[in-house]
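Thanks for coming, everyone. I'll keep this brief, so please have a look at the screen.

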Amino acid sequence: MASSSEKRVMVFAMDEHEHSSYALKWTLDHFFTPFGPKAPFNLVIVNAKPSPPLAVSMEGLGATGSEIFPAVAVQLKMIADQITEKAKEICASKSVDEVVLEVVEGDARNVLCDAVERHHASVLVLGSHGYGAIKRAVIGSVSDHCAHHARCSVMIVKKPKFKH
């Protein structure tokens, strides 16, 4: 087996939804926990923190805009911190200690594809929100975008609707 410095890299997309937590637990159970320190991947968990809405930062909004922008930024940081803590808790519960956690501001589609490039990842793992075709068409799908644009294999973990 290759040394830890020669391990391939797995980038995992983490957000605040339960589908993401499920996908992380599933990924750790299947790719890390059974192997212990000899796991085949180095794990990098990435949270794409949204930028505060552009409209809030635009000039001409007066005091309202200048008061709202910092509040939105603080709220987004707090959510990102909660997501990071949740990821740490899940990893610790599965005895996976060697993990890199990143919070990167920007659109999740771009943040994840950039993380794949930056870390030279072999695989990108995302949880599926389970949106139907209409909702995906209206709001877009991060996993669809990454499946077409990430320069590595992409695995989408779906939470089962029913327990087996």
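How much space lies in the second largest pocket? About 220 Å³. Keep in mind that this is a predicted model.

Who lines that pocket? There are 14 lining residues, and G36, P37, V96, D97 and E98 lie nearest the centre. By class, the lining has 6 nonpolar, 4 polar and 4 charged residues.

Take P37 from that group. P37 sits in the loop that runs between helix 1, residues 18-31, and strand 2, residues 41-49. Is P37 buried or exposed? Exposed, because its relative accessibility is 73%, and the cut-off for exposed is over 50%. Now pair P37 with E98. In sequence they are 61 residues apart, yet C-alpha to C-alpha they are 8.5 Å apart in space.

Let me step back to the whole chain. The chain has 6 helices and 5 strands. Reading from the N terminus, the order is β-α-β-α-α-β-α-β-α-α-β. Of its 164 residues, 34% are buried.

Next, the inside. The largest nonpolar core holds 19 residues. Which of them touch the most other members? They are F12, M14, L24, L28, F32, L43 and I45. Strand 1 (8-13), helix 1, strand 2, helix 3 (62-93) and strand 4 (123-127) each give this core at least two residues. Helix 3 supplies the largest share, with 4 residues. A separate core of 17 residues lies apart from this one, and its members include V9, A13, A115 and L126.

Look at L24 in the largest core. Setting aside neighbours within four places in sequence, L24 contacts F12, M14, I45, A87, I90 and C91.

Now a charged side chain. K49 belongs to strand 2. Is K49 buried or exposed? Buried: its relative accessible area is 17%, and buried means under 20%. What does K49 touch, beyond neighbours within four places in sequence? Its contacts are L76, K77, A80, V103, V104, E105 and G106.

On to helix 4, residues 108-119. With 12 residues at 1.5 Å a residue, helix 4 should span 16 Å. Which residues of helix 4 are buried? V111, L112, C113, A115 and V116. One reminder about helices in general: an α-helix has 3.6 residues a turn, so residues three or four places apart point the same way. Back to our helix. The buried residues of helix 4 pack against strands 1 and 2, strand 3 (99-105), strand 4 and helix 6 (142-149).

Strand 2, helix 3 and strand 3 each contribute at least two of the lining residues. By class, this lining has 7 nonpolar, 2 polar and 1 charged residues.

Some names come back here.

How values were computed: Residues numbered from 1 in each chain as written. Predicted model: local features only at pLDDT ≥ 70, side-chain atom pairs only at ≥ 80, totals over all residues. Heavy atoms only, no water. Buried < 20%, exposed > 50% of the residue type's maximum accessible area, 1.4 Å probe, protein only. Core = buried A, V, L, I, M, F, W, Y, C linked by side-chain atoms within 4.5 Å. Contact = heavy atoms within 4.5 Å. 1 Å grid on protein atoms, 1.4 Å probe; cavity = no way out; pocket = protein on both sides within 12 Å on 5 of 7 lines; lining within 4 Å. Points joined across faces, edges and corners; volume = space filled by probe spheres on them. Nonpolar A, V, L, I, M, F, W, Y, C, P; charged D, E, K, R; others polar. Expected span 1.5 Å × (residues − 1).
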